[in-house]
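Biologist: Can you walk me through this one? I would like the overall picture, then some side-chain detail.

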Amino acid sequence: MGEATAKKKAKKAKGAKVKERHERRFMPRPVATANVVKAVGGLGAFVLGAGVWAQFGHGWTDSTLPPYAFAPALIAGGAVVFGVAVWLGTSGESVLRVGAGGIGLEKAKDVLRIPWYGVERVAWDPAAQALSVTGADELGGEQRLVLAAKVHPAAIAWIVKEARVRIPDDVEVPEEALGIPAAHASDGELLTMDAVQVVGKRCAETDRIIAYEPDARVCPRCERVYYKLSVPEACACGASLQGLRGAADEAPRSEPEAPAEAAT
């Protein structure tokens with residue numbers, strides 16, 4: 001009976017639907033206003049067009065007159081002004097990701113993540129209109145972000161919203177903080193994330209390395225990882241882990257017995 005029950009539990013666990021993880025991707029806003037970018041870009045395009053016409057217009061109209069001497073200067077000046085418009089219309093700030101995996105910064109082809117369990121403080125500076133986030137990334141490196149509301153308004157709104165649910169004790173943002181917009185379901189680009197990679201991580205309770213994926217239990221709120229036999233009643237983030245403690249009654253993993261030799 002015991003073996004049948006164990007097989008039934010294993011089959012049920014194998015067939016259980018894994019909860020999907022999501023995050024939102026936020027592009028930074030340019031510092032300059034749209035009207036300024038359009039005005040500078042229009043001026044650059046006009047000067048550049050005038051220079052091209054002064055240089056090549058006579059040839060297009062079959063005129064025998066040579067190009068104007070100032071044509072190269074107009075072309076160069078127009079290109080510079082247009083380049084300034086492109087610079088004003090873009091931002092040097094990082095693309096942000098906010099979701100189940102914490103706060104991520106896109107770095108070339110990689111994403112540097114500060115998981116929710118690694119966030120130590122989320123605070124709002126009303127004078128600077130900026131949100132500061134301090135904590136540690138997945139490798140334990142110290143990280144500090146200062147996000148301006150004029151560059152990352154939607155990302156700030158979602159960081160505050162998620163942090164209030166996942167790590168409420170570490171959030172120092174008033175409910176009616178001036179300058180923080182409301183989070184909307186249409187904000188950013190919604191992305192699906194892979195399952196939490198638990199193999200190789202250490203149990204948050206015992207510091208034991210997780211060697212097998214089935215031995216791990218993950219906090220549904222901050223995604224701290226625990227060994228199945230060391231799950232506390234509550235996570236450090238305050239979430240109840242009672243639903244994950246059932247495996248504590250299971251026997252530890254043991255090596256398989258050697259097969260008995262056949263009788264001769």
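Modeller: What follows covers the chain as a whole, then charged pairs, rings and the surface. This is a predicted model, where local features need pLDDT of at least 70, side-chain atom pairs count only at pLDDT 80 or more, and totals for chains, interfaces and linings use all residues. Residues are numbered from 1 along each chain as its sequence is written, and side-chain values use heavy atoms, with hydrogens and water left out.

Biologist: How many helices and strands are there in the protein chain?

Modeller: The protein chain has four helices and 11 strands. These are DSSP runs numbered from the N terminus: H or I of at least four residues for helices, E of at least two for strands.

Biologist: And what share of the residues is buried?

Modeller: Of the 264 residues in the protein chain, 34% are buried. Buried means under 20% relative accessible area, exposed over 50%, and partly exposed in between, with a 1.4 Å probe and protein chains only.

Biologist: What about contacts between residues at least 6 apart in sequence: what percentage join residues at least 24 apart?

Modeller: That comes to 50% in the protein chain, where contact means heavy atoms within 4.5 Å.

Biologist: On to charges. How many salt bridges are there?

Modeller: The count is 11, taking a salt bridge as a side-chain nitrogen of Lys or Arg within 4 Å of a carboxyl oxygen of Asp or Glu. One of them joins E23 and R97, with the closest N and O atoms 3.1 Å apart. That pair links distant parts of the chain, since E23 is in strand 1 and R97 is in strand 2 (residues 96-99), 74 residues apart.

Biologist: Is E23 buried or exposed?

Modeller: E23 is buried, at 3% relative accessible area. R97 is buried as well, at 17%.

Biologist: Which other residue forms a salt bridge with R97?

Modeller: R97 also bridges to E106, where the closest N and O atoms are 3.0 Å apart; E106 is buried too. A network of salt bridges links E23, R25, R97, E106, R113 and E189.

Biologist: Where does the E162 and R166 pair sit?

Modeller: In helix 4 (residues 153-166); the two are four residues apart, so about one helical turn separates them.

Biologist: Which charged end sits over the ring of W158?

Modeller: That of R24, 4.1 Å from the ring centre. R208 likewise lies over the face of Y227, at 3.9 Å from the ring centre. The rule asks for NZ of Lys or CZ of Arg within 6 Å of the ring centre and within 35 degrees of the ring normal.
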